Amino acid sequence: MAQAAAVAKPPAPPRRRRASATPRRLPYLLIAPAALLMVGFIAYPVISVFYYSLQNYNPTKPWRNGYAGFDNFVHAFTKDPIFWDTLVFSAKWVVVEVGLQLLFGLALALIVNQTFVGRGLGRALVFSPWAVSGVLTSAIWVLLYNSQTGITRYLADMGIGSYGTSWLSDTSTVFPAAIVADLWRGVPFFAILILADLQSVSRDLYEAAEVDGASRIKQFWHITLPHLKDAIILSTLLRAVWEFNNVDLLYTLTGGGPAGETTTLPLYIANTSVDAHNFGYASALTTVAFVILLFCSMVYLRLSKFGGEK
């Protein structure tokens with residue numbers, strides 16, 4: 001009996017409970033509602049555009065509706081001169097706007113990054129136009145460009161120009177007038193992003209450069225600009241896409257006129273779908289614009305070496 005008790009086996013350790021799969025799936029369950037909403041509000045419209053781009057779809061002419069294949073795309077590239085005109089103007093608009101916004105935004109960011117009395121108020125004033133919507137921006141500048149009560153009236157009082165001049169109705173002045181209006185809203189975007197990146201530049205780099213006798217221009221060229229590389233690449237890409245898709249400001253400011261001088265491709269798409277009710281052809285133009293933006297973005301990121309060594 002004693003020997004049997006001595007050689008008795010110790011009690012078996014308690015079995016580990018199998019880990020439940022629920023905690024591992026919980027994060028996916030939590031983001032599932034948001035993911036479904038994104039699929040519903042983003043994926044479905046995109047798929048619908050691709051589908052209707054292959055259709056003849058005009059609610060006002062239902063007898064012509066049906067499968068069109070690639071006829072809409074062929075018509076755009078071979079029989080629609082307005083498509084090419086609006087595409088060229090869109091490229092011109094993007095290059096001029098983004099280039100000027102980057103230059104002025106960089107200058108403003110460098111200025112408000114300095115230490116001076118009232119810097120907080122200065123930053124607030126610089127950034128405030130970015131909070132204004134495109135339609136409200138257009139309303140402000142329509143009033144400023146008004147021939148009876150706007151800038152041209154006061155310039156005429158000073159002997160510059162003539163009374164009744166409307167910069168938005170003249171084909172020679174409408175483009176720079178629209179550029180200035182959108183600059184007022186777009187420059188703060190670059191200033192905000194660039195200023196945020198400037199805050200992370202170590203002061204030790206500038207102090208070491210000063211000890212080595214580097215001028216302010218050399219400090220900017222060899223320290224500041226390389227550090228801002230990724231911020232500049234990302235902000236210019238985002239702003240280029242937004243400017244290409246700019247509809248609200250130009251539609252409210254000029255309506256695409258005069259004589260179609262300020263009609264961008266997205267504005268032409270909007271007019272084709274909303275005014276002409278030709279949703280099939282508008283969907284085809286939208287698909288073309290999507291492919292153009294996607295291709296240009298990929299090439300730009302590849303050539304700029306975004307995320308690489310500074």
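Start by selecting helix α9 (residues 203–211) and helix α10 (residues 216–227): their axes come within 11 Å and cross at roughly 150°. Helices here are DSSP runs of H or I with at least four residues, numbered from the N terminus. The axes are lines fitted to C-alpha atoms over the stretch in contact, with angles running from 0 to 180 degrees between N-to-C directions. A word on what you have open: this is a predicted model, in which local features need pLDDT of at least 70, side-chain atom pairs count only at pLDDT 80 or more, and totals for chains, interfaces and linings use all residues. Residues are numbered from 1 along each chain as its sequence is written, and side-chain values use heavy atoms, leaving out hydrogens and water.

Now show the side chains between these two helices. From α9, Leu205, Tyr206, Ala209 and Glu210 meet Gln219, Ile223 and Thr224 of α10, where contact means heavy atoms within 4.5 Å. The residues of this contact divide into 4 nonpolar, 2 polar and 1 charged. In that count, Ala, Val, Leu, Ile, Met, Phe, Trp, Tyr, Cys and Pro are nonpolar, Asp, Glu, Lys and Arg are charged, and the others, Gly among them, are polar.

Next, select helix α4 (residues 81–112) together with helix α13 (residues 265–275). Their axes are 8 Å apart and the helices pack at an angle of about 140°. That makes α4 and α13 oblique to each other, the class left over once angles under 35 degrees (roughly parallel), over 145 (roughly antiparallel) and 65 to 115 (roughly perpendicular) are taken out. Ile82, Phe83, Thr86, Leu87 and Ser90 in α4 meet Leu265, Pro266 and Tyr268 in α13.

Move on to helix α6 (residues 134–144), and colour its buried residues, Gly134, Thr137, Ser138 and Trp141. Buried means under 20% relative accessible area, exposed over 50%, and partly exposed in between (1.4 Å probe, protein chains only). Look down the axis of α6: these buried residues fall within an arc of 100°, so they line one face of the helix. The arc is taken from the directions from the helix axis to the C-beta atoms. They pack against α8 (174–198) and α12 (248–253).

Stay on α6 and pick Val135. Val135 is partly exposed, at 47% relative accessible area, and touches Asp248 and Thr252, not counting residues up to four places away in sequence.

Finish in α8 with Val187, which is buried at 8%.
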